[in-house]
Amino acid sequence: MDISRRGFIKITGAGAACLGLSELGLDLGPARAVAAELKIEGAKEVVSICHFCSCGCNIIMSVKDGRMVAAEGDPDFPVSEGALCAKGAAFRSMHYNEHRLQKPLYRAPGSDRWEEKEWDFVLDRIARRIKDTRDRDFIVQNGKGEQVNRVESIFELGASQLDNEECALTHQMVTGLGIVHMDHQARV
Amino acid sequence: MTNHWIDIKNADVILIMGSNAAEHHPISFKWVLKAKDAGATVIHIDPKFSRTSARSDMHVPLRSGTDIPLLGGMVRYILEKEKFNREYVAEYTNASFIVGEGYDFKNGLFSGFDPSAKKYDQKKWVFTVDENGVPKRDKTLNHPRCVFQLMKKHYQRYTPKKVSAVTGVSGENLLKVYEIYAATGAPGKAGTMMYALGWTQHTVGVQNIRLGAIVQLLLGNMGVAGGGINALRGEPNVQGSTDHCILWNTLPGYLPLPTSDQTTLEKYLRANTPQTHDPKSVNWWSNKPKYVVSLLKGWMGEAATSENGFGYGWLPKADPGVDYSVIFLLDRMYKGQIKGGFILGHNPAQSMPNSNKVRKALDKLDWLAVAEIHNSETTDFWRRPGVDPKKIQTEVFLLPSCQRGEKDGSITNSGRWLMWHAKGIEPMGRSRSMGSMVVDIFKRVRALYAKESGAFPDPILKMVWPEVYDADGVAKRINGAYTRDMTVKGKQYKKGEQVESFLFLRDDGSTSSLNWLYAGSYGSAGNLARRRDLAQTSMQARIGLFPNFSWAWPVNRRILYNRASVDPNGKPFNAAKPVIAWENDKWVGDVPDGPAPPMASPRGKYPFIMQMQGMGQLYGPGRVDGPFPEHYEPAETPVRSHPFSAQLSNPCMKGAQSDMDVLAKPGDPRFPFVLTTYGVAEQWCGGVDTRNTALLLETEPQLYVEMSPELARLRGIGNGEPVVVESARGRVEAIAMVTVRLTPFTVLGKTVHLVGMPFCFGWTTPGAGDATNRLSASVCDPNVSIPEYKACLVDVRKAQKVTELHV
Amino acid sequence: MAKALFIDTSRCIACRGCQTACKEWHGLPAVPTRQRGTHQNPPDLNPFNYKLVRFTEAKTAGKVEWLFFPDQCHHCLEPSCKGTAESFAPEAIVVDKKTGAVVYTEKTANLTAAQCKEIQQSCPYDIPRRNDKTGILTKCDMCIDRIRADLAPICVKTCGTGAMNFGERDAMLAMAHHRLGAVKVSHPKAQLVDPEDVRVIYLVTNPEPALKKQGKQAVESYSRRELLGGLVSPFRRMAG
């Protein structure tokens, strides 16, 4: 993405990013590196968007070696002009937190624990359960004999956490299956 | 939002009501403070003094659930003091329309009420029409049956004395608010309303917003810079997910879901396409057939033909009058009628009202697939405190989702800006985008149907479905394309070429579009959501329009209803902050609401193009609970009567009915206090994402209940002590936050205490507390079924022992 | 002339973007906290929180006031902490010549706990905090890495309302005096906190000691001279 950054990073060269010892006139030792090296220097900048309130603050992720080393507000986003609130400021932590789910999990009926599974296992099993439930409960006609093509015993909830493209496909799938119990957090 | 975030700076008065913008939309305050720097007055009306109030010129505490009396009193003030914009009201609203003899209002009820069905016969409220079916008008506004006069009569009852008695707002504060806000009725002045769930989450939610809009129409504040009725949407893409209609009753782009009696496409379109014989009314929804057919083509592709009604017959149909929205969905789940389903990035066990019932409802499922970033109260419902997992027979699949920075896609912010975000890093572990999960699940279902057949396989097998999830490809399909080579107005288009805007969509199957509102976002110029150009004309720069940054629906219009910002000759009401202007036979500024010349010219059009009659609706016969907003108490109320009528609560109110859906009686001595619920700046909604982010949990670690020092004294509670909050439905432990920011109300001569709690803390974060929504009730507004989270009744007492909180 | 921050508390909405961004940028771990009847969390500055938004509320004559104070090192022009530390461990505390930032180095680990306490007590604003595990003394470093690369400190960058500002010291002083004039219209008691002595200039709307939260948290007069004259730091007491 092409970014023109008003007053964002104006690094004049690597030297400027380092705390000049001569200027300080002191040897700060190893800690100096921590204090003086700009961690975002040379990083690839990618624009994302805060995933909380609908201000939609644009965020610049600084990516080095496939890792987000920092994230801060995008000064070119005219709504925020580079600012963020506490939630937006925690964007990076939110990506790298120990509580994140990293593997598909499965809980068998009556079990008291999660089991790790492969994607194929869970996706196949979900597809099977959808089909069996739908085939069993599909309503072609209502009591008045009108064709209704729906299944009432399967539901879909969520979500405004999805991107527009994900929403469009979700709606399409739900329509294809004939699900009418569909809703999301528009009211929360 | 009819306007957008930056536009807030253009306001002369900012009324923040039903919102705590500084905490829940902090960046909005950049623009609130800019307006303030330029001399604007900021008023915050809310039960609680919050961070928003701290930066406002005045905070007016209001008892939760009494917005209509306060605003009704404002309507009365505006009419009595003649503060309204007469030209605007007479020309651009339905104030001059003559209402038929069927309309009446008596004892808190409008005409046509059927108490057994809890429904009105809305036909009683129609306008008187001429021989062409066009409503009769009296632009002098003097006709006794014109909307203006009926409205005047209706709100005459909202005297300052009564309003003050019900709301708990002092007469002095009321007058101050009315004076300051009504002053924006002067031409050239603008007042904006910033609202959020504080208005919507009531059994009169829709009417709260309608009354705000009525005030804005009277004052000529719709369509102008610094005006509008601005819903500060919540979730990150709740605007987009609503536009794509993850809602049971609509198809993408706010097209109605077919009902069972609409057996053919023709019948469906006839029932849903409004018609007018008024040549000055654009009546935009008359284009609906083009959008519906293009959507069907987008979904069904080649399989959708004119012979088969473009596959309309395959669509699911709802039975008329049945509500499939979340409250009723969960109610049916609790009753065992729902067997399985998906929950994508949603935590209903935490964020839906009466969550004890929601949690039990999940126990009844045979299977559940949840896509989430973290474990939540929903994903792990089967091992929640107090239940034996062995007794819960639900098969649960937990699909790890990636974060925003790990995928491409677009979201739509509250100002309707469609913005693209790019993938920066790989998804953590084996997590994946929800889009890829949806693609894969449906692919596998399709494969099963292809192999085994089954019930009604056609819609499943005939849909256009991608092999892999590709956000860019879907964005293109959302915009839409030609389905065959076409010549339009002399220009040739190839099959597969993107359509330039919804103006090019057709009802003959030659175009496809997954959402007409977004047609134009990805035309021949590429994906406009990626635009980052800050260029503006000097006219646009004056109001901060930024038309080249990202893209806004519809057709990059930044301020909706902008034709109402100019007089009938096209001259801006506010010359200093024009949105559009008619210059040299064309419009300049924002993209106007349609290209027609100004209204006064022979080819001119009315400004409110989405309304069949082209007018702002002061009188709204389309709402199921009445054409004028009227005060009704919340379903649970501390009072037994109110001075506006004998009708205590909304006569059309909906709600779930089960053994767990119990309500406290009006003025119930067991539950003497009003509870209102909300978020907190550092946590988010149900809280799963933010509670699992250690830096945010550090700032707001545990559930609290805010209460006044007076209430704390009454119950012998000290600041920071654990307490128990109890309603007719549940019991919650919380830490007391005793604060002068809450004040007891004097309501109808009696002291009413109000307490407030965030709803973000849940048991999967150990010791943080558990769902506040165990207290709230599954009662909702009759128009849109939004639950009444903002007002219920509770008792509060010191906790003897706590189990939910680390103390 | 070197750099300065101007913190206009009359514009702060306490969204805690600055507090969180500071921790993110410096890679500081979260500390465990409890709800104690206030939004202010953690309760006080600590080795892992260089920046803390303090909340103080009071109701006087029926009017509620809620003050937000994004607390941090004031980066004194003549830092008394440096003066105190000098005799114990040279170069433990240094002033960056280019920016004027007061920086604590790894040599603070050479200080004993008692010496750290002495340094802490010499600070008129009660800012330094010792990490007892590493022995290092900590506080805001004005994002020395960023400002030397011509970037604003992350707290300033993150602030959306204009509460946090950064620039050349004379420009910040001019801004502070200009804002003070404007704020005084609605808050006659507003004042700048020791503008002549620090590189982090605060504008406060109500410096009155009467403003208390349930008798526990008080903002007292911010005069540095009085404080240096032996009064206990007010900020200490604000933590409930």
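**Close-up views of a predicted three-chain model**

**View 1. Salt bridges cross the interface of chain B and chain A.** The rule finds 15 salt bridges across this interface; a salt bridge is a side-chain nitrogen of Lys or Arg within 4 Å of a carboxyl oxygen of Asp or Glu. One pairs B:Lys30 with A:Glu81, with the closest N and O atoms 3.2 Å apart. Helix 17 (residues 434–452) of chain B gives the largest share of the side that touches chain A, 13 residues. Helices (H or I, at least four residues) and strands (E, at least two) are DSSP runs, numbered from the N terminus. A network of salt bridges links A:Arg128, A:Lys131, A:Asp132, A:Asp135 and B:Glu452.

This is a predicted model: local features need pLDDT of at least 70, side-chain atom pairs count only at pLDDT 80 or more, and totals for chains, interfaces and linings use all residues. Residues are numbered from 1 along each chain as its sequence is written, chains are lettered from A and ligands numbered from 1 in the order in which they are written, and side-chain values use heavy atoms, leaving out hydrogens and water.

**View 2. The contact between chain B and chain A takes residues from both chains.** Chain B puts in 164 residues and chain A 119, where contact means heavy atoms within 4.5 Å. The buried area is about 12600 Å², and carbon and sulfur atoms give 62% of it. That area is the accessible area (1.4 Å probe) that two parts lose on being put together, summed over both. B:Ile246, B:Arg430 and B:Arg532 supply 7% of the area that chain B buries against chain A, more than any other three residues.

**View 3. Helix 19 (residues 471–479) of chain B has buried residues on one face.** They are B:Ala471, B:Val474, B:Ala475, B:Ile478 and B:Asn479. Buried means under 20% relative accessible area, exposed over 50%, partly exposed in between (1.4 Å probe, protein chains only). Seen down the axis of helix 19 of chain B, they fall within an arc of 145°, so they line one face. The arc is that of the directions from the helix axis to the C-beta atoms. Their packing partners include helix 7 (164–177) of chain A and strand 15 (409–412) of chain B. B:Gly480 follows the helix, with a positive phi near 105°.

**View 4. B:Asp331 sits in helix 14 (residues 326–334) of chain B.** B:Asp331 is buried, at 8% relative accessibility. Its side chain makes polar contacts with the side chains of B:Lys335 (2.7 Å) and B:Lys357 (2.7 Å). A polar contact is a pair of N or O atoms within 3.5 Å; within protein, one must be able to donate a hydrogen and the other to accept it, and residues adjacent in sequence count only if both atoms are side-chain atoms. Not counting residues up to four places away in sequence, B:Asp331 touches B:Lys357, B:Ala656, B:Gln657, B:Ser658 and B:Asp661.

**View 5. B:Arg691 and B:Glu377 form a salt bridge.** The closest N and O atoms are 2.9 Å apart. B:Arg691 lies in helix 21 (residues 688–691) of chain B and B:Glu377 in the loop between strand 13 (367–372) and strand 14 (395–400) of chain B, so the pair ties together parts 314 residues apart in sequence. Both residues are buried.
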